[in-house]
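Biologist: I would like to learn how to read backbone angles and surface patches. Can we go through them one by one?

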Amino acid sequence: MAVELNELRDGIDAVDKQILNLLAQRLALVEKVGEVKSEHGLPIYAPDREAAMLASRRVEAEKLGVPPQLIEDILRRTMRESYASEKDSGFKCLNPELRSVVIIGGHGQLGGLFARMFTLSGYQVKTLGSQDWHRADEILADAGLVVVTVPIHVTQSVIEKLGSLPSDCILCDLTSVKSAPLNAMLEVHRGPVIGLHPMFGPDVPSMAKQVIVYCDGRGEEQYQWLLKQFSIWGASLCQIDAQEHDHGMTLIQALRHFTSFAYGLHLSKENPNIDKLLQLSSPIYRLELAMVGRLFGQDPNLYGDIILASEENVAMIKRFHQCFGDALKILERQDKQQFVESFNQVSDWFGDYSQQFMDESQSLLKQANDSIHRG
């Protein structure tokens, strides 16, 4: 039995080596694709091409008796690596006549990411940090695009210092709050203005499929090239009104981060053995624990700024607290019927999204389970 098993394992090892060689060939082809896209100014992410290719491979896999989801999982993971490598080829510069791009806060992580992307696209990039303000007039004198990416609590005060920009310079910010910074930019600068919010962190391997929200300010025709440049980087653009954006962020960011903060705070006071929790965890709880723990591995000032950015955030969190209290009363009364009725009301509110989210979460949970090593 041992001899037979070893022979089979040797066969698997040989196939694995063939897979590695094929992956190496695929990545080499992707590198050439990146060069062609860079030359012609094509986006690194082409959703129609990706969808058609995956659909075709699923059909081919099924004919060969290979689970379609298996080949899709492999290809999606391979494509993620491909997008990251494609950016190394650089990007077509859509506005070669643009004067310098100045990143205010360019020494920070997000500012550094955008500085690299503009540099890869052939623009002259300058950074203006807190230690450089004595040279601000010199650095900003020939700016064609100024990007403000500083902590939320100092964003407006920094914008207020930008009253002497060239009249045709594009002024934008990367803040997760939009109404106040956008109004401040419109007030201080008479040229083109746009508010931006990258919905991702600085650790993304590429901008493929990442969302950049934008709020129109002034001179829309003068910054269309910038939006197209983001698309070439692979980003997906979402246009929205600044106030509507801020209301959405109250739920998407402030409330979510606060509930993670409160849950982590509670866990720390209960002081369970995290190793034991992980041993007992289902994939979904492990993923939940990872998302909470992830928050506490990052800058507390950043998340404090996001949560405390507006009174609307505090008001929303207070309403959540009231809702939590109402739900707790159901448990205190041991009122299962009311629990089921409330559950069904929420289920009806989600509607078809419940099944969509069930399907999406199943895929995520499978990936999370695959990465677990249990000794």
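Modeller: Start with glutamine 334, which is exposed at 70% relative accessibility. Exposed means over 50% relative accessible area, buried under 20%, and partly exposed in between (1.4 Å probe, protein chains only). This is a predicted model: local features need pLDDT of at least 70, side-chain atom pairs count only at pLDDT 80 or more, and totals for chains, interfaces and linings use all residues. Residues are numbered from 1 along each chain as its sequence is written, and side-chain values use heavy atoms, without hydrogens and water.

Biologist: Where does glutamine 334 lie?

Modeller: In the loop between α13 and α14. Helices (H or I, at least four residues) and strands (E, at least two) are DSSP runs, numbered from the N terminus.

Biologist: What should I look for in phi?

Modeller: Most residues other than glycine have a negative phi. Glutamine 334 has a positive phi, near 55 degrees. Lysine 209 is not a glycine either, yet its phi is positive, about 75 degrees. Lysine 209 sits in the loop between β5 (193-198) and β6 (211-218).

Biologist: Is lysine 209 buried, partly exposed or exposed?

Modeller: Partly exposed, with a relative accessible area of 37%.

Biologist: Which residues make the nonpolar surface patch?

Modeller: Patch residues have over 30% relative accessible area and no salt bridge, and nonpolar side chains (Val, Leu, Ile, Met, Phe, Trp, Tyr) are joined within 5 Å. A salt bridge puts a side-chain nitrogen of Lys or Arg within 4 Å of a carboxyl oxygen of Asp or Glu. Here Phe320, Phe324, Leu328, Leu331, Phe339, Val340 and Phe343 make a patch of about 690 Å². Helices α13 (311-332) and α14 (336-350) each give two or more residues.

Conventions: Patches are made of residues with over 30% relative accessible area and no salt bridge: like charges are joined within 9 Å, nonpolar side chains (Val, Leu, Ile, Met, Phe, Trp, Tyr) within 5 Å. Accessible areas come from the Shrake-Rupley method with a 1.4 Å probe; for residues, only the protein chains shown count as cover.
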